[in-house]
Amino acid sequence: MSTSVFSRPLARVEAFQARLEIQLPILLAPMAGACPPSLSIAVANAGGLGACGALYMNPNSILAWADEFRRQCQGEFQMNLWIPDPPAIRNAEAEDRQRDFLSAWGPAVTEEMGEAVLPDFEAQCQTLLAVRPKVISSIMGLYESAFISEMKARGILWFATATTVEEARAAEAAGADAIVAQGMEAGGHRGAFHAEDAERQMVGLIALLPQVVDTVSVPVIAAGGISDGRAIAAALILGASAVQIGTGFLRCPEAQLHPGYAERLSHTYGHQTRITRAFTGRSGRSISTRYVEAAASPGAPAPAPFPIQRGFTRPMRDDAVLHGDVERMKMWAGQAAHFAQPQPAQILTQQLWEDASQYLF
Ligand SMILES: Cc1cc2nc3c(=O)[nH]c(=O)nc-3n(C[C@H](O)[C@H](O)[C@H](O)COP(=O)(O)O)c2cc1C
């Protein structure tokens with residue numbers, strides 16, 4: 001092992017850590033609905049960066065999240081929003097077929113359930129500025145230039161998620177301070193800027209990461225299928241300045257996941273996950289449950305667009321949680337779910353870095 005090969009990634013990593021005022025290059029992934037303050041506090045206490053996926057949160061919940069974090073932790077965190085898609089095009093006939101299909105999987109789905117309303121994006125953005133986290137991140141597109149200027153004026157860094165080289169290039173041109181390169185292994189929604197590209201442009205992290213690193217001059221954060229020390233080391237060697245881990249933290253007690261979901265993660269191999277629009281209408285990687293498979297079978301009706309489909313699946317999802325039925329629950333998972341450990345997140349974060357260090361030093 002030549003020291004020069006391995007000293008280069010570490011200098012880059014250390015420079016990025018210093019900028020974020022963190023001690024380890026491990027970032028908790030923002031996960032809407034699955035990142036309570038307790039998980040971020042534990043990761044940040046270990047020296048990593050906490051994360052709040054604020055998509056479904058109204059301003060008061062966002063403020064309460066930040067308050068809870070800051071009362072219990074001196075560390076730093078990022079707050080994350082989805083850039084809204086253009087308004088969904090409704091199709092009454094297709095929606096009827098979808099509602100009929102879903103009614104066989106849970107309580108009856110009424111037409112009004114498609115009127116799913118998300119919190120006001122502008123109000124969320126203003127709240128994020130008021131909270132002034134170390135980082136604001138984006139997925140599914142780019143913030144408007146006025147908001148980017150507001151972030152910069154307050155000294156907030158902007159991390160933009162990209163799933164292709166083209167998206168990374170656009171994000172850097174718009175002023176992103178770092179790119180989160182999200183490989184197609186990633187759990188949860190794919191961050192493609194245009195919904196229709198999400199399943200057409202599926203690039204794995206080991207190919208995407210060095211291509212993005214070679215394209216942009218800002219730091220690159222690797223995300224997707226990273227759940228153990230070997231993968232962390234590999235990502236840093238491929239040019240990442242840090243890694244962002246989602247699924248790998250979901251079995252930690254602080255994630256407060258449904259026990260059935262947490263247990264299923266432990267015996268989910270990569271091929272037992274798949275990209276589906278069946279839960280929300282936006283493509284995301286989920287465990288291949290009976291519902292996910294049925295929704296992908298020939299003859300199954302196409303899901304409605306986001307967020308209509310999310311509204312339509314709510315009765316089934318709530319019923320599944322009530323009855324502990326993992327075959328109908330929404331269980332996002334990346335391809336490396338198998339490595340997720342049921343350890344306290346602070347210990348797990350430290351352990352991950354210790355393991356990665358064996359390959360780096
Ligand atoms: C349950 C869950 C929810 C997620 N929600 C968001 C989100 O709200 N915003 C976002 O940028 N990414 C979201 N993601 C994607 C993660 O930020 C990250 O890209 C992904 O978890 C990395 O892949 P991994 O799960 O294999 O570690 C979510 C992922 C999961 C598993």
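In this predicted model, a backbone N or O atom of Gly 225 lies 2.8 Å from an oxygen atom of the ligand. Asn 80 uses an N or O atom of its side chain, 2.8 Å from a nitrogen atom of the ligand. Gly 246 places a polar backbone atom 2.9 Å from an oxygen atom of the ligand. The protein covers 97% of the 600 Å² of accessible area that the ligand has on its own.

| Residue | Protein atom | Ligand atom | Distance |
|---|---|---|---|
| Asn 80 | side-chain N or O | nitrogen | 2.8 Å |
| Gly 225 | backbone N or O | oxygen | 2.8 Å |
| Gly 246 | polar backbone atom | oxygen | 2.9 Å |

The ligand is located in the largest pocket. Around the ligand are 18 residues, and the closest are Pro 30, Asn 80, Gly 225, Gly 246 and Thr 247. Sorted by class, this shell consists of nine nonpolar and nine polar residues, with no charged residues.

Turning to the cysteines, the structure has zero disulfides. For Cys 73, the closest cysteine sulfur belongs to Cys 52 and is 14 Å away, which is too far for a bond, because a disulfide requires two cysteine sulfur atoms within 2.5 Å. Cys 252 is likewise in no disulfide; the nearest cysteine sulfur, in Cys 35, is 13 Å from that of Cys 252.

Cys 73 has a relative accessible area of 5% and is therefore buried, the cut-off for buried being under 20%. Cys 252 is also buried, at a relative accessible area of 2%.

Technical notes
Residues are numbered from 1 along each chain as its sequence is written. This is a predicted model: local features need pLDDT of at least 70, side-chain atom pairs count only at pLDDT 80 or more; totals for chains, interfaces and linings use all residues. Side-chain values use heavy atoms; hydrogens and water are left out. A residue is near a molecule or strand if one of its heavy atoms lies within 4 Å of it. A polar contact is a pair of N or O atoms within 3.5 Å; within protein, one must be able to donate a hydrogen and the other to accept it, and residues adjacent in sequence count only if both atoms are side-chain atoms. Accessible areas come from the Shrake-Rupley method with a 1.4 Å probe; for residues, only the protein chains shown count as cover. On a 1 Å grid over the protein atoms alone, a cavity is a set of points where a 1.4 Å probe fits but cannot get out, and a pocket is an open set with protein on both sides within 12 Å along at least five of seven lines; lining residues have an atom within 4 Å of a point. A molecule sits in a cavity or pocket if more than half of its atoms lie within 2 Å of its grid points. Ala, Val, Leu, Ile, Met, Phe, Trp, Tyr, Cys and Pro count as nonpolar, Asp, Glu, Lys and Arg as charged, and the others, Gly among them, as polar. Buried means under 20% relative accessible area, exposed over 50%, partly exposed in between (1.4 Å probe, protein chains only).
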